[in-house]
Amino acid sequence: MDLSLVIPFYNEVDSLEALVTWINKVVTNMNIEHEIIMVDDGSTDESWNKLKDLKEKFPQIVGIKFRRNNGKSAALNTAFEAVKGHVIITMDADLQDSPEEIPALYKMIIEDK
């Protein structure tokens, strides 16, 4: 596995589909093997159900669900334990991080190794 994208989220039902679709478009053009590890940090909206629906369309999604809100650090830590990629990039689920930055970040990390 070349790349693991780690995305914790809490009540982000409205942004998940746009985020995953955008990531898929960018990473598919990179022609690398990847996974998207998404940790639901105890959402109380329909985020988890939306993620399950997205997983049918995007099998590279790995979903992890917390029963209650444990915070971003706990979500990241749990995801880091599950990653399979040689490179790990974290992103926020609210679209504040642009997936367009993934190729440059990936290249920078690979060149440093």
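Two strands count as paired if DSSP finds at least two bridges between them. Helices (H or I, at least four residues) and strands (E, at least two) are DSSP runs, numbered from the N terminus. The model is predicted, so local features need pLDDT of at least 70 and side-chain atom pairs count only at pLDDT 80 or more, while totals for chains, interfaces and linings use all residues. Residues are numbered from 1 along each chain as its sequence is written, and side-chain values use heavy atoms, with hydrogens and water left out.

Let us start with the sheet. It is open, and its 4 strands follow the order E3-E2-E1-E4 with parallel pairing. Strand E3 (61-65) and strand E4 (87-90) stand at the edges with a single partner strand each, so one side of each has no neighbour in the sheet. Neighbouring strands are turned by 20° against each other on average, direction ignored; angles run from 0 to 180 degrees between N-to-C directions, and axes are lines fitted to C-alpha atoms, for helices over the stretch in contact.

Strand E1 (residues 3-9) runs parallel to E4, and 4 bridges join the two. Within E4, Ile89 is the bridge partner of Leu5. Helix H2 (residues 47-57) packs on the sheet, where it touches E1, strand E2 (34-40) and E3, and its direction makes about 155° with that of E3. Helix H3 (residues 72-82) packs on the sheet too, touching E1, E2, E3 and E4, with its direction at about 155° to that of E1. Contact here means heavy atoms within 4.5 Å. In a regular strand the side chains alternate between the two faces of the sheet. For E4, Val87 and Ile89 make up a covered face, whereas Ile88 and Thr90 make up an uncovered one.

Now follow strand E2, which holds His34 and Asp40. Buried means under 20% relative accessible area, exposed over 50%, and partly exposed in between (1.4 Å probe, protein chains only). His34 is buried at 14%, and Asp40 is buried at 0%. Leaving aside neighbours within four places in sequence, His34 is in contact with Met1, Leu3, Val27 and Gln60. The side chains of His34 and Gln60 make a polar contact (3.5 Å). A polar contact is a pair of N or O atoms within 3.5 Å; within protein, one must be able to donate a hydrogen and the other to accept it, and residues adjacent in sequence count only if both atoms are side-chain atoms.

Asp41 sits in the loop between E2 and H2 and is buried, with a relative accessible area of 5%. A polar atom of the Asp41 side chain lies 2.8 Å from the backbone nitrogen of Gly71. Beyond its neighbours within four places in sequence, the contacts of Asp41 include Phe9, Tyr10, Arg68 and Lys72.

Finally, turn to helix H1 (residues 16-30) and helix H4 (residues 102-112), whose axes come within 10 Å and cross at roughly 45°. H1 and H4 are therefore oblique to each other; angles under 35 degrees count as roughly parallel, over 145 as roughly antiparallel, 65 to 115 as roughly perpendicular and the rest as oblique. Ile23, Val26, Val27 and Met30 in H1 meet Ile102, Pro103 and Tyr106 in H4.
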